[in-house]
Amino acid sequence: MDLSDSISKAVQKTKHNAENVFNSLPDRKELLKLMDENKLEYDPEILNNPENVKNYNTELYIALNLGVYGSDLSVAGVFEQTQESLLFLKCVNSLSQKLGVNKAFDQTMFDRMDTQRDNKDSTLQIITVAFKQADSILKVSNRPATSSLIIAGVWIEGFYTSCKIAQKTPSEGIVKAIINHKDSLDNIIFLLCQNNLCQESIVVLNDLTTISGIMSDIIMQKDIRYTYETIAPADEAVTRLRNKVVNAS
């Protein structure tokens with residue numbers, strides 16, 4: 001087997017594992033249904049401040065917060081917050097340029113989002129496709145660790161915002177959806193483990209592993225009560241990690 005074949009097989013393997021992460025995320029239609037059923041309201045306070053984008057200057061924090069802002073863009077989009085969406089789009093564009101994946105978040109993507117802004121499911125799909133494209137670009141350029149950190153950022157922010165919503169809105173359905181994040185979390189941990197993370201990035205992997213352990217304890221409970229109190233330990237753990245990520249500390 002020559003070198004090009006080896007690289008091609010490695011790219012396909014890591015791409016497959018990234019697909020596992022995306023495919024194991026909670027179903028978009030189910031999340032939209034929960035939003036409608038619980039009459040959830042948009043809360044910008046639980047999202048990352050767009051002003052923070054200027055603070056991300058190392059590849060680790062650029063990658064993580066590209067994922068974070070991508071997740072926040074999804075939230076703003078499904079709540080039909082046009083002005084907020086534009087702010088998060090600017091953040092995503094800025095960070096994607098720094099990483100060299102701005103082709104995934106080009107004007108075509110923005111135009112599609114504008115055209116489909118009344119279709120929440122399409123908005124989420126467009127953003128997901130863009131992140132998959134960024135993943136492919138980074139894999140081909142032999143930067144799988146960076147790609148896995150972007151995906152980790154998406155997951156961290158999504159889990160964090162879900163927990164904050166559950167804290168304010170008592171709902172068994174929301175708590176069940178949060179617990180279902182466990183599969184995608186384990187896929188991300190696997191993805192991070194198989195890539196050569198820099199020493200600074202190991203903290204993210206360790207914290208995600210801690211959250212996975214907490215989620216395992218929850219799932220193993222004989223009589224799970226689907227209340228915020230049940231997932232509170234996981235919320236506390238992801239909040240600590242998320243603070244490190246958005247504060248670049």
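**Note on backbone and ring geometry**

1. This is a predicted model, in which local features need pLDDT of at least 70 and side-chain atom pairs count only at pLDDT 80 or more, while totals for chains, interfaces and linings use all residues. Residues are numbered from 1 along each chain as its sequence is written, and side-chain values use heavy atoms, with hydrogens and water left out.

2. Most residues other than glycine have a negative phi. Glu 80, although not a glycine, has a positive phi of about 60°. Glu 80 belongs to the loop between helix H3 (59-78) and helix H4 (82-99); helices are DSSP runs of H or I with at least four residues, numbered from the N terminus. Its relative accessibility is 47%, so Glu 80 counts as partly exposed (buried means under 20% relative accessible area, exposed over 50%, partly exposed in between, with a 1.4 Å probe and protein chains only).

3. Asn 142 also has a positive phi, near 60°. This residue is found in the loop between helix H6 (120-140) and helix H7 (144-168). Asn 142 counts as exposed because its relative accessibility is 65%.

4. How many aromatic pairs does a search of the whole structure find? The search finds 5, where rings of Phe, Tyr and Trp (its six-membered ring) pair if their centres lie within 6.5 Å, and planes under 30 degrees apart count as stacked, over 60 as edge-to-face and the rest as tilted. One of the pairs is formed by Tyr 56 and Tyr 69, which are tilted, with 6.4 Å from centre to centre and 55° between the planes. This pair links distant parts of the chain: Tyr 56 is in the loop between helix H2 (28-37) and H3, Tyr 69 is in helix H3, and the two are 13 residues apart. Tyr 56 has a relative accessible area of 0% and is therefore buried; Tyr 69, at 0% relative accessibility, likewise counts as buried.

5. Trp 155 and Phe 159 form a stacked aromatic pair, at 4.7 Å centre to centre and with 10° between the planes. Because they are 4 residues apart in helix H7, about one helical turn separates them. Trp 155 is buried, with a relative accessible area of 3%, and Phe 159 is buried at 0%.

6. One aromatic cluster is made up of Tyr 56, Tyr 69 and Phe 88.

7. Lys 176 lies over the face of Tyr 226, at 5.0 Å from the ring centre. The criterion for a charge over a ring is that NZ of Lys or CZ of Arg is within 6 Å of the ring centre and within 35 degrees of the ring normal.
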